[in-house]
Amino acid sequence: ARLLAKHLPEFTWRKPAGGLSLWLRIPAGDATALAALALRRGVAIVPGPVSSPEERWKDHLRLPFVNEPAGMEEGLSRLAAAWAEYAPQERARRRAVGVLV
C-alpha cells in the first residue's frame, strides 16, 4: 500500500482481507491498453477483462504482491511510467471527440 501511494496515488484499491493480489482501479481509460504499455516497460500485469468471462473490469488491474520489496518498488515504478505515458493520451482521446452534425 505504501508503494502504491508513492507511485500511483491516483489509483484506488481496497486492502485485501487475504490472498496474494490487489485489484487496482485506474482513474481513466482501459486497463488492457495500459497493460500493453506496461509490458513494453518490462511489467507484465493482468488487466481486469482477462479475469472475467463477460470481459468486465475494464478499469481494473490485478496486481500480485509476491515479489520482494525491491522488486515491487521497481515494478510499480515502471507501471507508474506506463501510466504517465498513457494518461495524457487518454485525456487527449476524450477531448478529441468533437461535435457531430
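Let's start at Asp30, which sits in the loop between strand S1 and helix H2 (31-40). Helices and strands here are DSSP runs (H or I, at least four residues, for a helix; E, at least two, for a strand), numbered from the N terminus. This is a predicted model, where local features need pLDDT of at least 70, side-chain atom pairs count only at pLDDT 80 or more, and totals for chains, interfaces and linings use all residues. Residues are numbered from 1 along each chain as its sequence is written, and side-chain values use heavy atoms, with hydrogens and water left out.

**More on Asp30**

- Asp30 is partly exposed, with a relative accessible area of 27%. The cut-offs are under 20% for buried, over 50% for exposed and in between for partly exposed (1.4 Å probe, protein chains only).
- Skip the residues up to four places away in sequence, and Asp30 touches Lys58 and Tyr86. A contact means heavy atoms within 4.5 Å.
- Asp30 and His60 are 30 residues apart in sequence, yet their C-alpha atoms are 8.1 Å apart in space.

**The whole chain**

- The chain has three helices and three strands, and along the sequence they follow the pattern α-β-α-β-β-α.
- Of the 101 residues in the chain, 35% are buried.
- Take the contacts with a separation of 6 or more: 63% of them join residues 24 or more positions apart.
- The accessible surface comes to about 6,700 Å², and 56% of that belongs to carbon and sulfur atoms. Areas like this come from the Shrake-Rupley method with a 1.4 Å probe; for residues, only the protein chains shown count as cover.

**The sheet**

- Three strands make an open, antiparallel sheet in the order S1-S3-S2. S1 and strand S2 (46-47) stand at the edges with a single partner strand each, so one side of each has no neighbour in the sheet.
- Strands count as paired if DSSP finds at least two bridges between them. As background, strands of a sheet pair through backbone hydrogen bonds, either parallel or antiparallel.
- S1 and strand S3 (residues 60-64) are joined antiparallel over five bridges. Along this pairing, Trp23 stands opposite Arg62, and Ser21 stands opposite Pro64.
- S2 and S3 also run antiparallel, joined by two bridges. Here Pro47 has Leu61 in S3 as its bridge partner.

**Two loop residues to look at**

- Most residues other than glycine have a negative phi.
- Glu55 is not a glycine, but its phi is positive, at about 55°. You'll find Glu55 in the loop between S2 and S3.
- Trp57 also lies in the loop between S2 and S3, and its phi is positive too, near 65°. At 44% relative accessibility, Trp57 counts as partly exposed.

**The pockets**

- A quick word on terms: on a 1 Å grid over the protein atoms alone, a pocket is an open set of points where a 1.4 Å probe fits, with protein on both sides within 12 Å along at least five of seven lines, and lining residues have an atom within 4 Å of a point. Grid points are joined across faces, edges and corners, and the volume is the space filled by probe spheres set on the points.
- The largest pocket holds about 250 Å³ of space. It has 14 lining residues, and the closest to its centre are Ala1, Leu4, Leu22, Phe65 and Met72.
- Helix H1 (2-7) and helix H3 (69-95) are the elements that give two or more residues to that lining, with H3 giving the most, three residues.
- The lining of the largest pocket has 11 nonpolar residues, one polar and two charged. Nonpolar covers Ala, Val, Leu, Ile, Met, Phe, Trp, Tyr, Cys and Pro; charged covers Asp, Glu, Lys and Arg; the others, Gly among them, are polar.
- The second largest pocket holds about 210 Å³. Its lining includes Trp13, Trp23, Trp57 and His60, and strand S1 (residues 21-25) gives the most, with five residues.
- By class, this second lining splits into six nonpolar, three polar and two charged residues.

**Helix H3 and Ala80**

- Ala80 is in helix H3 and is buried, with a relative accessible area of 15%.
- Beyond its neighbours within four places in sequence, Ala80 is in contact with His7 and Leu8.
- Ala80 and Leu8 are 72 residues apart in sequence but 6.0 Å apart in space, C-alpha to C-alpha.
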